[in-house]
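Trainee: Could you walk me through reading a structure like this one? I would like to learn it feature by feature.

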Amino acid sequence: MLQIFTLILAVYLIARGIIWLVQRYHDARGCGSSFKNLLREGKLDASVYADAVWSEVERFGKRRLRSKIAKRQRKLIRKVKNELRASYLSACTPSLYQYIIIFLISSVLGLLLETVYTLVVFGVLESRVGLIWGPFSPLYGCGAVLLTALLWEARDWPAWKIFCISAAIGGVLEQFTGWSMEHLAHAQSWTYLGLPDHISQWVAWRFLAMWGLVGLVWCRAILPELLYRIGEPTTARQAAVVTFLAAFIALDAGMTVACFLRAGARADGIPPANPIDVYLDTRYGDSFMKDKFGNMRIGQDLPPASR
């Protein structure tokens, strides 16, 4: 789990680096939607083109002028953008809209990276989804949302405080998730019992330290830029799409919990007690659960982790 969170951070950082390079190019050429919005809103004026070098280029059979903004004007553009970003973040409180998008992105990205990770490291290609329907692994989405909710107001605190809070969040998340899976559905997805520094079956000191580093990077390097990029919905269509996805995820999560509870009951030999149980046994039986959740063990223990 923690390894995948680390990969998620790496992907976010790579994406941020690519965005930074694109922005620098747009600032140098006087193009891009953000640059045009600054001109349209009056935060920049025509003087930004002072001392610009103009050249004629041909694209798709059409000729047009392209500018190369002077160095001092590029500094002005970046200053205005940084001031707008700082102003937004200083007044920003993460909204439900932003939380939903962070959850969705992290859930899908976590699933993709976990699948690739297990294929490359272990040579195993198996289903790593966490919900019955759709390409989602909600554990990573919940982790990203928790880190956002609990660390946003602490982003300017000393690094050691953020580290300790992040380690505690990671430990609680792993303990709660592992304990819930074990006691509600008799399912296991990971275990640290074979490690000399394990605290419980699902928590170990080495991983608490890594959770601290993950939270620090998320809080300082990724979260501010991510919230700024997501912003707030500017059209009714954006709000409607995100609302629909949130409702779908809630239904998906409820159905998944029901399937796991029934799978645990089947493992205990409890017969179906109502039509819903019969439907779950028929449509989402043991063979389905085994194929769908290939990394989990229902009704049996995982072998201890190696040192």
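Mentor: We will go from the overall fold to salt bridges, cysteines, a serine and a surface patch.

Mentor: One thing to keep in mind throughout is that this is a predicted model.

Trainee: Good to know. Where do I begin: how many helices and strands does the protein have?

Mentor: Start by listing the secondary structure elements, then read their order. Here there are ten helices and four strands. Going along the sequence, the order is α-α-β-β-α-α-α-α-β-α-α-α-α-β.

Trainee: And what does the C-alpha trace span along its principal axes?

Mentor: About 80 × 45 × 40 Å. Of the 307 residues, 42% are buried. The exposed surface comes to about 16900 Å², and carbon and sulfur atoms supply 65% of that area.

Trainee: What share of the contacts joins residues 24 or more positions apart?

Mentor: Take the contacts with a separation of 6 or more: 71% of them are between residues 24 or more positions apart. We can look at individual pairs next.

Trainee: Salt bridges, then. How many does the structure hold?

Mentor: To read one, look for a Lys or Arg side-chain nitrogen within 4 Å of a carboxyl oxygen of Asp or Glu. This structure holds eight salt bridges. One of them pairs the side chains of Lys81 and Asp27, at 2.7 Å from N to O. Lys81 sits in helix H3 and Asp27 in helix H1 (residues 2-29), so this bridge ties together parts that are 54 residues apart in sequence.

Trainee: Are those two partners buried or exposed?

Mentor: Compare the relative accessible area with the cut-off: under 20% means buried. Lys81 counts as buried because its value is 14%. Asp27 is buried too, because its relative accessibility is 3%.

Trainee: Which residues does Lys81 contact, beyond its neighbours within four places in sequence?

Mentor: Lys81 is in contact with Asp27, Ser34, Leu38 and Tyr228, once those sequence neighbours are left aside. The helix that holds Lys81, H3, covers residues 71-91.

Trainee: Which residue does Arg85 meet in a salt bridge?

Mentor: Arg85 meets Glu225, with 2.9 Å from N to O. This pair links distant parts of the chain, since Arg85 is in helix H3 and Glu225 is in helix H7 (residues 205-230), 140 residues apart. Glu225 is buried, at a relative accessible area of 12%.

Trainee: Can you show me how to read a group of salt bridges?

Mentor: Arg266 forms a salt bridge with Asp286, where the closest N and O atoms are 2.8 Å apart. Arg266 belongs to helix H8 (residues 236-267) and Asp286 to helix H10 (residues 286-292), so the pair links parts of the chain 20 residues apart. Shared partners then join Arg262, Arg266, Asp281 and Asp286 into one network.

Trainee: Next, the cysteines. How many disulfides does the structure hold?

Mentor: A disulfide is a covalent bond between the sulfur atoms of two cysteines. This structure holds zero disulfides.

Trainee: Why is Cys219 too far from Cys92 for a bond?

Mentor: The cut-off is 2.5 Å between the sulfur atoms. The closest cysteine sulfur to that of Cys219 is in Cys92, and it is 13 Å away, so the two are too far apart for a bond. Cys259 is in no disulfide either, with its nearest cysteine sulfur, in Cys142, 18 Å away. Cys219 is buried at 1% relative accessible area, and Cys259 counts as buried at 1% as well.

Trainee: What can I read from a serine in a helix, such as Ser107?

Mentor: Ser107, in helix H4, is buried, with a relative accessible area of 0%. A polar atom of its side chain lies 2.7 Å from the backbone oxygen of Phe103. Not counting residues up to four places away in sequence, Ser107 touches Pro135, Phe136, Ser137, Pro138 and Gly141.

Definitions and conventions
Residues numbered from 1 in each chain as written. Predicted model: local features only at pLDDT ≥ 70, side-chain atom pairs only at ≥ 80, totals over all residues. Heavy atoms only, no water. Helix = DSSP H or I, 4+ residues; strand = E, 2+ residues; numbered from the N terminus. Buried < 20%, exposed > 50% of the residue type's maximum accessible area, 1.4 Å probe, protein only. Polar contact = N/O pair within 3.5 Å; in protein donor to acceptor, adjacent residues only side chain to side chain. Contact = heavy atoms within 4.5 Å. Areas by Shrake-Rupley, 256 points an atom, 1.4 Å probe, with all protein chains shown as cover.
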